[in-house]
Amino acid sequence: MSTKYLDKINFPSDLRKLSLNELLKVADELREKTIETVSKTGGHLGAGLGVIELTVALHYVFNTPRDRLIWDVGHQAYPHKILTGRKNKINTLRQKDGLYGFVKRSESEYDPFGTAHSSTSISAGMGMKIAKDLNKDDANIISVIGDGALSAGMAYEALNNVGATNKQMIVILNDNEMSIDRPVGAMSNYLTKLLSSKQYTSIRSLLKKISEKLPKSISKTLYKAEEYSKGLVAGGTLFEELGFYYLGPIDGHDIKTLVRVLENIKNSNFGKPIFLHCITKKGRGYEPAEKSNDKFHGVNKFDVKTGQSLSLSNKKTYSTVFGETLSKAADDDEKIIAITAAMMSGTGLDIFNLNHPSRLFDVGIAEQHAVTMAAGLATEGYKPFVAIYSTFLQRAYDQIVHDVALQKLPVRFAIDRAGLVGADGPTHAGSFDITYLSTLPNFIIMAPSSQNELIRMIKTSLLIDDRPSAFRYPRGTGILDTNDLTNQSIEIGKGIILNEGNDVAILNLGTRIQSCNEAIKLLSNHNIFPTLADARFAKPIDKDLIDKLLDNHKYLITIEEGSSGGFGASLLNYINNERIKPTATKINNLFFPDRFVDHQPPEEQYSEVGMTANAIAEKVIKFFADNVIDFQSFNNTKKIDL
Ligand SMILES: Cc1ncc(C[n+]2csc(CCOP(=O)(O)OP(=O)(O)O)c2C)c(N)n1
């Protein structure tokens with residue numbers, strides 16, 4: 001592709017040398033570069049295409065990195081990365097050792113705040129603004145937040161706080177009338193109403209508005225009275241009422257208007273925070289994206305000409321199995337309710353929605369509310385299933401503790417994206433849920449080792465009506481035996497021995513079971529024949545099973561796709577504090593290391609954390625090598641009799 005302008009731009013300072021007309025060309029090239037990049041790396045495309053012009057205008061007008069620019073969620077920041085010193089690395093996006101798919105402070109001085117979980121930008125901006133004011137530094141602070149991200153509680157907490165101050169920080173609403181799926185909620189309705197009741201603000205009237213001194217309180221009151229008397233809830237009234245100086249809506253793809261408005265904002269003293277409302281189009285300028293339902297929110301590698309995905313896999317994902325199973329169960333049980341926090345398709349609940357739309361509730365990016373709402377449903381005898389990614393459920397921890405566990409309410413948690421998630425990296429990894437849930441009284445926590453097991457666990461959780469339960473499963477595909485007709489509920493707190501061996505026992509929780517099976521094959525070449533057990537439950541742990549494994553083996557390894565403090569810790573807690581009989585069995589617990597694991601393909605991540613077949617086999621062989629004296633006696637150990 002010819003990149004006449006982009007070739008010369010390495011940093012925003014290069015951009016600032018160009019004329020307004022030249023910026024239009026830069027935007028075209030930037031758009032092309034973004035499409036070409038994501039077609040090869042996969043990732044988030046629609047959001048970035050929607051802010052091409054805004055990105056160019058912001059870096060043109062503001063003195064980044066001195067002025068702080070915070071991209072909410074950070075999934076729209078690929079064009080920003082290209083303009084801020086990372087153009088030559090953009091092809092490494094989402095690859096091992098390459099650029100991150102969200103905003104990461106350590107990557108660039110142009111990234112003043114790491115983002116990936118949504119709706120944090122106004123709070124972070126407020127913190128920076130306070131710091132700048134204390135330092136008597138007049139740098140601008142700009143938070144760019146989407147209309148989807150504006151559905152989260154955190155954003156309102158921040159607006160509420162910022163609006164009550166006289167701090168001139170700038171909030172830009174990137175309103176593309178899309179979240180991942182269609183946006184939901186009263187704010188979304190309000191923004192639509194605002195748009196339909198107003199023309200785009202003309203540049204003349206906007207500049208006039210900016211140049212006016214703030215209306216005195218009396219004229220302000222009169223102005224509002226007149227507005228109400230006309231029966232219009234337009235003109236940004238809500239944001240103004242919150243204490244912001246509202247400007248807009250303006251066309252977020254009109255660079256010239258954007259530049260002039262931003263320049264005026266930069267040069268004016270409003271004495272209060274500014275709320276600039278930009279209207280944009282997700283996927284803008286790339287036809288396949290504009291035409292698709294999700295505007296190419298997140299994509300695999302694709303063919304640029306056709307927009308066709310190059311992904312070949314047609315295996316079912318765990319999310320699909322969840323959506324299908326719950327939907328089928330809801331055919332026969334009208335008490336089942338499904339709840340999503342703006343991730344309907346991501347969690348497979350689009351399938352449920354097709355069949356039971358009246359029992360599917362998308363609450364927007366509002367994980368805390370989703371959990372407490374489920375608790376409320378449970379008090380009325382309904383069977384709520386809250387499907388949330390492990391990483392986003394972290395937001396709702398107090399609600400889980402206080403509203404659900406403490407009241408022993410039978411809310412069912414479908415925890416998707418458990419474990420390491422590959423290219424989305426540490427911000428999206430589901431590392432902590434076993435740990436943070438295990439510590440809570442009253443919880444039942446399951447982790448399937450296959451998709452059949454997931455089906456069984458969904459059925460099991462349906463029967464758990466006196467306490468909360470959770471089942472956690474990974475991103476992507478897994479083993480589904482369609483001939484297996486034993487997809488029935490399982491006994492609470494009971495694991496299962498899958499393979500009887502001797503000397504060594506592997507007690508696995510979750511989907512590393514495949515690696516365990518492969519490890520066992522590798523070990524058979526060394527005349528080592530471990531027992532393999534599927535723990536199934538992280539809570540309550542199966543004490544009988546643990547006793548049997550300890551009594552009959554010299555070495556026990558536990559494996560879980562999560563941080564320390566989880567299943568392995570519960571097992572040790574039992575052995576050290578409850579079990580009466582002492583054990584000489586050597587125990588190793590495999591869990592994630594005490595660091596965040598960088599983005600790279602999932603198998604490489606699992607190799608890094610020592611959970612591949614080879615790593616497991618090596619651990620066992622090392623045990624034998626370290627215990628060479630005992631090794632003779634191992635061979636005499638009787639096969640366990642269970
Ligand atoms: C706390 C949290 N929950 C869910 C998500 C998943 N998520 C990523 S982007 C997105 C939609 C954001 O919509 P919007 O802010 O309008 O940005 P757009 O993609 O439309 O540009 C969601 C729900 C997240 N990043 N953080």
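Colleague: Which domains does the domain assignment give for the protein chain?
Modeller: This is a predicted model. The assignment divides the protein chain into domain 1 (6-299), domain 2 (318-472) and domain 3 (496-634).

Colleague: What distance separates the centres of domain 1 and domain 3?
Modeller: Taken over C-alpha atoms, the centres of domain 1 and domain 3 are 49 Å apart. The two domains are in contact through 8 residues from domain 1 and 4 residues from domain 3.

Colleague: What area is buried between domain 1 and domain 3?
Modeller: About 420 Å² is buried between domain 1 and domain 3, and carbon and sulfur atoms give 50% of that area.

Colleague: Which residues in domain 1 lose the most area to domain 3?
Modeller: They are Lys96, Tyr100 and Lys104, which together account for 75% of what the domain 1 side buries.

Colleague: How many salt bridges does the rule find across this interface?
Modeller: The rule finds 2 salt bridges between domain 1 and domain 3.

Colleague: And which side chain does lysine 96 meet in a salt bridge?
Modeller: Lysine 96 meets the side chain of glutamate 604, with 3.9 Å from N to O.

Colleague: How many residue pairs are in polar contact across the interface?
Modeller: There are 4 such residue pairs between domain 1 and domain 3. On the side of domain 1 that touches domain 3, the residues by class are 2 nonpolar, 2 polar and 4 charged.

Colleague: Changing topic, how many disulfides does a search of the whole structure find?
Modeller: The search finds 0 disulfides.

Colleague: Why does cysteine 278 count as buried?
Modeller: Cysteine 278 counts as buried because its relative accessibility is 0%, and the term applies under 20%.

Colleague: What about cysteine 516, buried or exposed?
Modeller: Cysteine 516 is buried, because its relative accessible area is 0%.

Methods
Residues are numbered from 1 along each chain as its sequence is written. This is a predicted model: local features need pLDDT of at least 70, side-chain atom pairs count only at pLDDT 80 or more; totals for chains, interfaces and linings use all residues. Side-chain values use heavy atoms; hydrogens and water are left out. Domain bounds come from an automatic or database domain assignment. Contact means heavy atoms within 4.5 Å. Buried area is the accessible area (1.4 Å probe) that two parts lose on being put together, summed over both. A salt bridge is a side-chain nitrogen of Lys or Arg within 4 Å of a carboxyl oxygen of Asp or Glu. A polar contact is a pair of N or O atoms within 3.5 Å; within protein, one must be able to donate a hydrogen and the other to accept it, and residues adjacent in sequence count only if both atoms are side-chain atoms. Ala, Val, Leu, Ile, Met, Phe, Trp, Tyr, Cys and Pro count as nonpolar, Asp, Glu, Lys and Arg as charged, and the others, Gly among them, as polar. A disulfide is a pair of cysteine sulfur atoms within 2.5 Å. Buried means under 20% relative accessible area, exposed over 50%, partly exposed in between (1.4 Å probe, protein chains only).
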